[in-house]
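Please look over the sequence and the structure before reading on.

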Amino acid sequence: MSLIVSYWVVASLILPAVTGAAIVLFLRHHLTLSRLASIGSCLTLVAVAGVLVVEAGDGLIQSYAMGNWRAPFGIVLVLDRLAAMMLLLTAVLALIVLVYAISTGTDRKGWHFHPLFQFQLLGLNGAFLTGDLFNLFVFFEVLLIASYGLMLHGQGGERFKAGVQYVIINLVGSTLFLVGVGLLYGVTGTLNMADLALRVAAASPGDQGLIAAAGLLLTTVFALKAAVVPLHFWLPGTYAATTGTVAALFAIMTKVGAYSIIRTSTLIFGAEAGDLAFVAAPWLLPAALLTIGIGFIGLFAARGLRDLAAWAVVGSMGTLLCAVSVFTVPSMGPALYYILHSTLAGAALFLVADLIAQRRADHGDAITLAPRFRQIEVLSALFFLAAIGAVGLPPLSGFVGKLLVLDGVRASPHALWIWGAILTTTVLGVLAFARAGSMIFWKSASVEGEIPLRSLRGRRGGVGAAAALVLVLAGLTVLAGPVTAYTAAAAQQLFAPDQYIEAVLGPHSGGRR
Amino acid sequence: MISLEFLVASAIAVLTAAGVYLVLRRRTFPVVLGVAFLSYAINVFLFAMGRLLIDRPPLYDKAAQGHTDPLPQALVLTAIVISFGMTALVVVLALRSYLETGGDRVDGTSDAEGAP
């Protein structure tokens with residue numbers, strides 16, 4: 001790896017780590033300064049991720065050996081197209097959510113919002129970059145520990161109840177992760193993912209059963225994070241009980257699960273693995289189909305806008321994993337495009353729901369009749385656009401994404417199932433969002449008066465942040481050509497794991513000798 | 001005489017069984033204990049994944065006949081630190097949740113509803 005790029009890669013980990021630590025050590029009593037530091041870190045991360053996307057765009061996979069310990073003995077960070085794309089997505093989402101948090105004053109409702117936010121980014125970036133399975137576990141823990149703090153931010157009884165469940169289910173998930181990692185190490189004697197790919201491909205028939213068990217255990221853990229049915233029960237409660245701001249940031253958390261499934265399935269259990277190739281695929285597809293169904297049917301059970309957004313996230317994970325579980329190049333490209341779209345659309349929904357809840361005072365985000373509230377004009381437009389994005393209607397990128405997914409899975413023997421599920425649930429989604437929107441905006445117009453508010457924060461900044469997310473969705477649509485070209489190239493790279501292995505273990509791998 | 005492998009394997013099995021049973025209980029305290037038991041089981045399991053060797057040094061030593069794998073020991077150390085911290089967090093969280101909501105049930109229902 002060229003020296004300059006290696007600095008950029010490490011910077012995306014060092015920067016949030018140092019900023020988070022600095023805020024908690026020196027700036028914790030200075031709100032303005034810690035806000036500035038946090039914003040500065042997020043802005044820089046966007047720039048760094050932008051550079052990395054350009055750098056990864058030339059198709060060369062680059063690895064960085066931490067502490068100059070060569071793979072497979074040391075821990076490597078690996079930059080390929082997928083990792084760079086996820087970094088940029090995280091950075092953009094984080095910046096917008098942070099602006100929202102500051103302008104609505106969410107960050108003042110409890111202690112240590114900004115350090116937790118930075119550590120969350122550290123965990124996310126690390127999970128996307130690492131090339132080592134145990135290191136992936138460690139970064140999972142980093143992002144989970146930060147997420148526990150963020151989830152409970154602002155406190156309150158409901159939040160603690162949901163928080164206990166969220167923490168316990170993730171602790172059990174971490175235990176399963178360690179069993180999977182331990183099994184793989186016990187059989188293959190390595191934890192470097194590139195090295196694992198070679199050893200799994202060369203495994204003796206006697207070991208294949210254990211490796212398959214380990215692979216399925218890991219997939220179970222990732223499916224838990226990705227809220228795949230039947231492991232989705234934690235998500236609606238958690239996302240609806242936390243603040244809208246944090247829920248919007250958590251839109252990326254389910255994608256970490258999806259990313260890990262994609263990474264381990266294509267690299268370690270790729271086509272070279274013989275009998276073990278795509279060992280999770282037969283389980284993943286039915287689960288994904290169920291997830292779409294349950295997610296979109298759940299929309300009708302939602303009593304509040306945040307419930308609605310949470311179920312929409314579950315449904316979009318189903319759509320995404322349907323495309324992923326086919327495991328071919330033409331279906332993976334659209335799946336990656338859909339990751340970008342569904343993360344931003346889910347976050348937009350949560351922000352709009354939060355804005356509406358703040359303005360409706362006692363009525364909150366409940367889908368009930370209520371008098372007019374402030375800024376109803378602009379918020380109804382934003383809700384409409386975010387709903388269009390989440391359901392996947394034209395003209396926003398959800399439509400492009402779903403169309404590409406439908407096109408990409410055509411060659412699969414199960415294409416009919418996927419087509420049926422995606423098309424039916426889109427209709428369900430339209431109905432559910434139309435029902436919620438007409439109740440809150442249309443029918444409520446007949447109610448007299450206006451909800452009085454003593455103070456209102458985030459009149460411009462908060463609404464602007466939600467609008468920015470919708471704008472990014474529009475940008476994804478307008479720039480669909482270059483973006484899909486990039487995701488298609490990223491999919492190509494994923495299904496040619498020799499490049500990854502060569503970059504990590506080859507003679508030109510990271511680390512100077 | 002029982003082999004070492006059997007002893008370690010059955011210890012892991014007992015710990016895991018106890019952990020799974022406790023995690024599925026209704027109140028937070030048994031669940032916290034269950035998570036702790038599960039993490040002990042995993043620690044022993046990870047340790048055993050480096051194979052069970054007796055009287056072998058983990059560090060390079062010219063005089064030694066053979067070596068035991070040092071990596072699982074490092075992994076176990078990391079896992080211990082993380083699980084210790086998480087157990088502490090979950091205890092505080094459960095306590096706070098109890099004080100805040102007046103109930104210590106994991107499913108969030110209060111003691112008034114249904115049987116204990």
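**Confidence**

Within chain B, helix α3 (residues 71-101) of chain B has the lowest confidence, with a mean of 89, and helix α1 (residues 4-23) of chain B has the highest, at 94. The score is pLDDT, the predictor's confidence in each residue, from 0 to 100. Helices (H or I, at least four residues) and strands (E, at least two) are DSSP runs, numbered from the N terminus.

This is a predicted model, in which local features need pLDDT of at least 70, side-chain atom pairs count only at pLDDT 80 or more, and totals for chains, interfaces and linings use all residues. Residues are numbered from 1 along each chain as its sequence is written, while chains are lettered from A and ligands numbered from 1 in the order in which they are written.

- The average pLDDT of chain B is 86, and 94% of its residues score at least 70.
- For the complex, the predictor gives an ipTM of 0.91 and a pTM of 0.94.

**Chain A against chain B**

- Contact involves 20 residues of chain A and 26 residues of chain B; two residues are in contact if their C-beta atoms, placed from the backbone, lie within 7 Å.
- On the side of chain A that touches chain B, α5 (133-151) and α6 (157-188) of chain A each supply at least two residues.
- α6(A) gives the most to that side, with 16 residues.
- The side of chain A that touches chain B has 12 nonpolar, six polar and two charged residues (Ala, Val, Leu, Ile, Met, Phe, Trp, Tyr, Cys and Pro count as nonpolar, Asp, Glu, Lys and Arg as charged, and the others, Gly among them, as polar).

**α6(A) with α8(A)**

- α6(A) packs with helix α8 (residues 205-225) of chain A at an angle of about 155 degrees, the axes being 8 Å apart. Axes are lines fitted to C-alpha atoms, for helices over the stretch in contact, and angles run from 0 to 180 degrees between N-to-C directions.
- α6(A) is therefore roughly antiparallel to α8(A) (angles under 35 degrees count as roughly parallel, over 145 as roughly antiparallel, 65 to 115 as roughly perpendicular and the rest as oblique).
- Residues making the contact include A:G173, A:F177 and A:L184 of α6(A) and A:D207, A:L217 and A:T220 of α8(A).
- This contact of α6(A) with α8(A) has 14 nonpolar, three polar and one charged residues.

**α11(A) with α13(A)**

- Helix α11 (residues 253-267) and helix α13 (residues 305-324) of chain A have axes that come within 11 Å and cross at roughly 10 degrees, so α11(A) is roughly parallel to α13(A).
- Among the residues in contact are A:T254 and A:I261 of α11(A) and A:M317 and A:V324 of α13(A).
- The contact of α11(A) with α13(A) divides into eight nonpolar, one polar and no charged residues.
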